[in-house]
Amino acid sequence: MAFTVSVGEADFAALRKENAYYVDKTEIIYELVHDTNNKVTLFTRPRRFGKTLMMSMMENFFSIRKESATLFEELNVSKHRPFCREWMNQYPVLFISFKDVEAEEFTEAYDMLGVRLAEVCKDLSDAIDTDAVDKDDRDAFRRLKSESGRKSDIKNSLKTLMRMMSVVYGKKVILLIDEYDVPLAKASEKDTAKNRYYSKMLDVIKGIMSTALKDNEFLQFAVITGCLRIAKESIFTGTNNFASYSVLDADFSDYFGFSSDEVDAILEAADRTDKADIIKEWYDGYVFGDSYVYCPWDVINYLSALKKRKDAKPKNYWKNTSHNGILLTFVKRTDFDVAGKFEKLLNGGNIVQAISDELTYDTLHSTEDNLWSVLLMTGYISKADPDEDGDTVSLKIPNKEISSIFQDSVVRYFTDTVNCDTIKELIESLWEKDENAASEVLSGLLWNTISYNDYHEDYYHAFLAGVFVGRGYEVESNKEKGLGRPDILLKDRRKRRAIIIESKKSKKKADLGKDCDKAIKQIIDEKYAEGLEGYELILCYGVSFFQKQAMVKLGK
């Protein structure tokens, strides 16, 4: 492959200097500044959709401390020449990311915030720590730089830095804040009535944002990114000309993520057009506003793998970048009956749900609607129809990658929480040759478990294997026996007894009995019991399934 991809590179200048493949998103600069009157713009998108690279690109374009003309050569924004002359490298830019400001408890997270502010101060030190600025500001700056700032210094930090930069450069400051809500997300996750982690962190972040954004005469404009929009009443109260663009909004919807045309161009450059269908199946399907997009993190990771191995298989690159705890929080709620909705989603269907993009972290779990909204905003589900508008929309799982996350976490949770006494009852009924009891218990287990793959035969086989594994027996699944492979072989070596199970999926409920007989005949014809010499009791069962109903028959 003649082209280069850079996995995880979020520094725009480094990416361009490395001559790595870059999907041109620079037109957002012109559209944002030229076509809107936003004083403060908030973009909310799931993680790994290019927010940090976008902010780095903006910093390189606007910063008066950089010479960026060569970086933007032949990119879309460079076509607007008068605009570039007016804005490129013409303004002081304060860029800070809160993406690493998270910890298990407030004190540690607060310290990390102090470290992050100190890093920003060190980067600016040579430029703004001069006698030209107010002495009190210099003193506060030096405290922040040495990580000895008071709480008031922290809360006023961004405005202090902007005031100093404005004095030095004689211009208002462009403020860029990346992943502003990460500290609050972690605080919400670890909050208790005793530690008050969330309220403490909200007080700090609200103080920083309020002083920087509201009635700040040194602010040219601000661009902020995050996963969720924290309700305006909580953080952005009183901010003039404030605009928020979430996954529900059509404006700017094609600037985060890769479009189909952009992916086609990448594959063409990489000479991997043969992988277009696989990439679409695994990493496409997100609907932002009225645009379909791929997850860029996944596309770049998979192309990197293909560069090393032409036969590389797609895999889940996303699951280790985001917290899956929100899914388990959802299914553990006994007051929400969501199993049916999850099952429909996992089988490729859509659900209709009321959603909102105005949330607060301390109320995320208060209603089922809020939790579905969070799943939408964080990328676990997506709108099904880009033309659909309003507070109630159809939702879907976007692609195979996210479906695998649901299977790993949600389906596993339902399987793991099946009552052990119920499993014991099933196994005992099999040893006691009680077909009716076994059928009833197995049907009950199916009813309380989320099924996926649209009730394919392999789903039922996996379900059976999961029921018996770890119950104190030796379990073999699809191992070679006789002339074929039994679905399940359960061996109790201590009591020298064994159970052979062959399962079938029935096309209709009336076929359950007939399909059990077919399964038993298969056990006999294929001689599955061969190789079990020494076992004094060998029971053969045919099991058939139709949706969430099971029938168990003993071979005579």
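A residue is termed buried under 20% relative accessible area, exposed over 50%, and partly exposed in between. In the predicted model described here, R196 has a relative accessibility of 45% and therefore counts as partly exposed. R196 is located in the loop that links α9 (182-190) and α10 (197-213). The phi angle of R196 is near 50°, a positive value in a residue that is not glycine. Most residues other than glycine have a negative phi.

Elsewhere in the chain, five strands form an open sheet in the order β2-β3-β4-β1-β5, with parallel pairing. Strands β2 (93-97) and β5 (242-245) lie at the edges, each pairing on one side only. From one strand to the next, the twist averages 10°. Strand β1 (residues 40-44) runs parallel to β5 and is joined to β5 by four bridges; the bridge partner of V40 in β5 is F242. Helix α3 (residues 51-62) packs on this sheet and touches β1, β2, β3 (173-178) and β4 (219-226). The direction of α3 makes about 165° with that of β3.

Regarding confidence, the mean pLDDT of the chain is 90, and 95% of the residues reach 70 or more. Among the elements of the chain, β3 has the highest mean pLDDT, 98, whereas helix α14 (residues 325-332) has the lowest, 72. Where pLDDT is low, the predicted coordinates should not be read in detail.

Key: Residues are numbered from 1 along each chain as its sequence is written. This is a predicted model: local features need pLDDT of at least 70, side-chain atom pairs count only at pLDDT 80 or more; totals for chains, interfaces and linings use all residues. Side-chain values use heavy atoms; hydrogens and water are left out. Two strands pair if DSSP finds at least two bridges between them. Helices (H or I, at least four residues) and strands (E, at least two) are DSSP runs, numbered from the N terminus. Axes are lines fitted to C-alpha atoms, for helices over the stretch in contact, and angles run from 0 to 180 degrees between N-to-C directions. Contact means heavy atoms within 4.5 Å. pLDDT is the predictor's confidence in each residue, from 0 to 100. Buried means under 20% relative accessible area, exposed over 50%, partly exposed in between (1.4 Å probe, protein chains only).
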